[in-house]
Amino acid sequence: KHEFHLFQIGLNGGIPVVVNLLKTSQQDSDRLCGTKALWMLSFNATNRTLIKAIPSAIETLQSLSKHPNKDVVKASQGVLWEIERNRDSLSSGKKL
């Protein structure tokens with residue numbers, strides 16, 4: 001059930017909204033919530049593809065992985081790790 005909700009959030013346009021929040025907000029609380037949300041969403045293969053399809057998503061996450069707030073760093077690195085860890089499976093068309 002949880003996986004279904006993650007899938008629905010991605011398919012219904014939630015990921016670009018979160019990425020835009022990360023790019024535009026100057027509030028640490030917004031950045032923390034946004035990176036944690038993307039991290040949870042990145043556990044779904046379709047959502048990983050959707051995150052990667054947003055040109056600025058990876059560079060925004062890479063920038064946030066150097067943020068002063070250690071929780072923002074952990075969550076942004078978590079998203080990047082999920083995407084990298086599953087890169088070969090995604091490019092070969094394997095389902096996770």
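Is H5 buried, partly exposed or exposed? In this predicted model, for which local features need pLDDT of at least 70 and side-chain atom pairs count only at pLDDT 80 or more, while totals for chains, interfaces and linings use all residues, H5 is partly exposed, with a relative accessible area of 40%; the term covers values between buried, under 20%, and exposed, over 50%, as computed with a 1.4 Å probe on protein chains only. Residues are numbered from 1 along each chain as its sequence is written, and side-chain values use heavy atoms, with hydrogens and water left out. H5 lies in helix α1, residues 2-11, and its C-alpha atom is separated by 9.3 Å from that of L41, 36 residues apart along the chain.

The protein contains seven helices and zero strands, helices being DSSP runs of H or I of at least four residues and strands runs of E of at least two, numbered from the N terminus, and the order along the sequence is α-α-α-α-α-α-α. Of its 96 residues, 40% count as buried. Among contacts (heavy atoms within 4.5 Å) between residues at least 6 apart in sequence, 62% join residues at least 24 apart. The protein exposes about 5900 Å², of which carbon and sulfur atoms supply 57%, the areas coming from the Shrake-Rupley method with a 1.4 Å probe.

Leaving aside neighbours within four places in sequence, L61 is in contact with L22, L38, I51, S76, V79 and L80.

Helices α2 and α3 pack at an angle of about 145°, with their axes 9 Å apart, where axes are lines fitted to C-alpha atoms over the stretch in contact and angles run from 0 to 180 degrees between N-to-C directions. The contact is made by I15, V18, V19, L21 and L22 of α2 and by D30, R31, G34, T35, A37, L38 and L41 of α3.

N44 is placed in the loop between α3 (28-41) and α4 (45-53) and is buried, with a relative accessible area of 5%. The side chain of N44 reaches the backbone nitrogen of N47 at 3.0 Å. Not counting residues up to four places away in sequence, N44 touches E3 and F7.

Key:
Polar contact = N/O pair within 3.5 Å; in protein donor to acceptor, adjacent residues only side chain to side chain.
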